[in-house]
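User: I would like to go through this model in questions and answers, with the cut-offs stated as we go. Please begin with the sheet and then turn to the helices.

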Amino acid sequence: MPVEKNITLERPSNIKLICQFTTSGDLNSVNVTWRKDDEILETNYLNATGSILYTQYMFTIVNSKQMGSYSCVFGEKKEQRGTFNFKVPELHGKNKPLINYVGDSVVLKCKCQDCFPLNWTWYSSNGSVQVPVDVQMNDKYVINGKNANETRLKIMQLSEEDRGSYWCHAIFQLGESEEHIELVVLSYLVPLKAFLAIAAEVVLLVAIILLCEMYTQKKKEHSDDGKEFEQIEQL
Amino acid sequence: MFARLASGGSPVTSQMAHKAEPPDGGWGWMVVLSAFFQSALVFGVLRSFGVFFVEFVAAFEEQAARVSWIASIGIAVQQFGSPVGSALSTKFGPRPVVMAGGILAALGMLLASFATSLTHLYLSIGLLSGSGWALTFTPTLACLSRYFSRRRSLATGLALTGVGLSSFAFAPLFQWLLSYYAWRGALLLVSALSLHLVACGALLRPLSLAEDPAVGGPGTQLTSLLHHGPFLRYTVALTLINTGYFIPYVHLVAHLQDLDWDPLPAAFLLSVVAISDLVGRVASGWLGDAVPGPVARLLMLWTTLTGVILALFPVALAPTALVALAVAYGFTSGALTPVAFSVLPELVGTGKIYCGLGLVQMVESIGGLLGAPLSGYLRDVTGNYTASFVVSGAFLLAGSGVLITLPHFFCFSAPTSKPQDLVTETLGTKVPLPSEGLGEE
């Protein structure tokens, strides 16, 4: 049964990984290796006391190539493995698509919980290729963020071409993290058509109600004339 | 022309049918339907508007307190504007007034969909739609009271169920509209929904009751009402009741959170309260008509029960006791609403009902506006909701105490309804037409 631990790392750090293996059998026959993504590393330290096998691996993570999965593996044929997964912090964006109308402005936000990226970049994509957002167009795009752990992309004068996927990238020393935001741009005609349809239905209802009433009143008047004549004749 | 008058009939115009007394059925049920949809479209929309608040806070980057003023302004305009709606209905009949109100309400929402600032929303939804709602709700309920006399409470109870049912339906609907069209499109479609108020207004066929010529125009009615002792006492009673009435709605969830309830069971409890509120309205409506004697006694019964239940809320700590109390509160508070509207025609007569209802709504709104902030203040000062629940229960009990002072309270025979007295006084020797021949179905 694999044992795993997830570690979030932002800055270059000194790392010490420790594994303890307990077995009832012969400890000396157990082969201990440290691996990174199946590549065998040099084991620093090994100690066997009683029935517990203790091993540790110390190293320094400086760049993104050193991030990944590190495992301590006990035994050869029947492996027992403990895995440490090193990742950069993940981002939180909006899960629901943002809906806006032509001519509006919208603010796309990306936030990192308890972490401070070195830099933020924005990309847009219509399909699979990510194209950086052209910040030179000052009357269209404005990028700013109140704190170091969040970024905002303000898009002004929305048009239908602005719809699609937007990606915010948080750049750390040890790698990159990205988040996806969907932007939908509608034209006013979309709800307007629904509005006009419902308004037409209301006009129809009012017409039906008033016409029905005029019809029943006319029927009453005709039957009244008959009764009035009867009463006059009786007198 | 002269010969027809001499034969003992009054001339039948092509616009209105003259009736000596309320029809108690027939077209009245269509008025119930209209009132049902109107209470749904006015109060259901208001209650479900909270769904929009989150969007407004994000879109305009304003605080929640400033955004909630939109609904507050709308409610205040609707209540303070009620006498205007009533006075206009007395003069022109309810139909044109309600239809105009529907157009105003829809126009307010339409303009709101183009809003670029919060002030824009205050004016369009708060002021414009609020005025529209003022012109619809009160005239419709008054019209309903004129169409029914024996089954008045039941009709009112059935009509008011529109409020509760629409809160169930509109909250998810508005949420769906927001996710599909964003708040601008959603407001546009809520405006289209509010246009149905115009269709509801078209259903309000004018009804001319026998005592109408005797009571005069809106100005005279208002002055005579202000000199009417029982009416004033009733208004005071309703204001006291209103002060305590809304507090649990506003503070029940917060009180549950104070007692460490999770959000999901708390929301479920609110739904259960809403259902028992609905049941209470219909049951009380039926009961109000079935029990002989002044309806004010039933109102006193329900108000006293609600007050006692409210005072017991702080004592109940176990979940089962809280649930039982909440359900009982829902039932009794729902039960007092239709009866509260039915007392008025018995006091002032159906001729003055428009102006009467308008005045009552305006004055009792003061109680409603004061109640929630007072309760919040008590909570801030004492640290929990005990004091605010007890105080609101006290207000309700005080209101029911004032009700005892109403005329005929302790009589056991039904008071002869005022329209009959006026008929014999003003019509003299005229032979009333047999209403079956000219009547509706």
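**Strands, helices and loops**

Analyst: In chain A, an open sheet of five strands with mixed pairing runs in the order β1-β8-β7-β3-β4; strands (E, at least two residues) and helices (H or I, at least four residues) are DSSP runs numbered from the N terminus, and two strands pair if DSSP finds at least two bridges between them. This is a predicted model, in which local features need pLDDT of at least 70, side-chain atom pairs count only at pLDDT 80 or more, and totals for chains, interfaces and linings use all residues. Side-chain values use heavy atoms, with hydrogens and water left out, residues are numbered from 1 along each chain as its sequence is written, and chains are lettered from A and ligands numbered from 1 in the order in which they are written.

User: Which residue is the bridge partner of Phe74(A) in β8(A)?

Analyst: Strand β7 (residues 69–74) of chain A has five of its six residues buried, so it is largely enclosed by the rest of the structure; buried means under 20% relative accessible area, exposed over 50%, and partly exposed in between (1.4 Å probe, protein chains only). Towards strand β3 (residues 32–36) of chain A, β7(A) pairs in the antiparallel sense over five bridges, with Lys36(A) partnered by Tyr70(A) and Arg35(A) by Ser71(A). Towards strand β8 (residues 80–87) of chain A, six antiparallel bridges are formed by β7(A), and the partner of Phe74(A) there is Gln80(A).

User: How many residues does the hairpin between β16(A) and β17(A) pass through?

Analyst: Strand β16 (residues 164–172) of chain A is mostly covered, with eight of its nine residues buried. It pairs antiparallel with strand β12 (residues 119–125) of chain A over seven bridges, where Ser125(A) stands opposite Ser165(A). Nine bridges join β16(A) to the antiparallel strand β17 (residues 175–186) of chain A, with Trp167(A) opposite His180(A), and the hairpin that joins β16(A) to β17(A) passes through two residues.

User: Is Asp114(A), in the loop between β11 and β12 of chain A, buried or exposed?

Analyst: Most residues other than glycine have a negative phi. Asp114(A), however, has a phi near 60°, a positive value in a residue other than glycine, and lies in the loop between β11 (106–112) and β12 of chain A. With a relative accessible area of 72%, Asp114(A) is exposed.

User: What is the relative accessibility of Gln157(A)?

Analyst: Gln157(A) lies in the loop between β15 (150–155) and β16 of chain A, and its phi is near 50°, a positive value in a residue other than glycine. Gln157(A) counts as exposed, at a relative accessibility of 56%.

User: How far apart are the end C-alpha atoms of helix α18 of chain B?

Analyst: The expected span of a helix is 1.5 Å times one less than its number of residues, so the 18 residues of α18 (residues 386–403) of chain B should span 26 Å. The buried residues of α18(B), among them Ser388(B), Leu396(B) and Leu403(B), fall within an arc of 135° seen down the axis, so they line one face of the helix; the arc is that of the directions from the helix axis to the C-beta atoms.

User: Which residues does Thr303(B) touch, not counting residues up to four places away in sequence?

Analyst: Thr303(B) is found in helix α15 (residues 296–312) of chain B and counts as buried at 0% relative accessibility. Taking contact as heavy atoms within 4.5 Å and leaving out residues up to four places away in sequence, Thr303(B) touches Ile241(B), Leu336(B), Leu396(B), Ser400(B) and Leu403(B).
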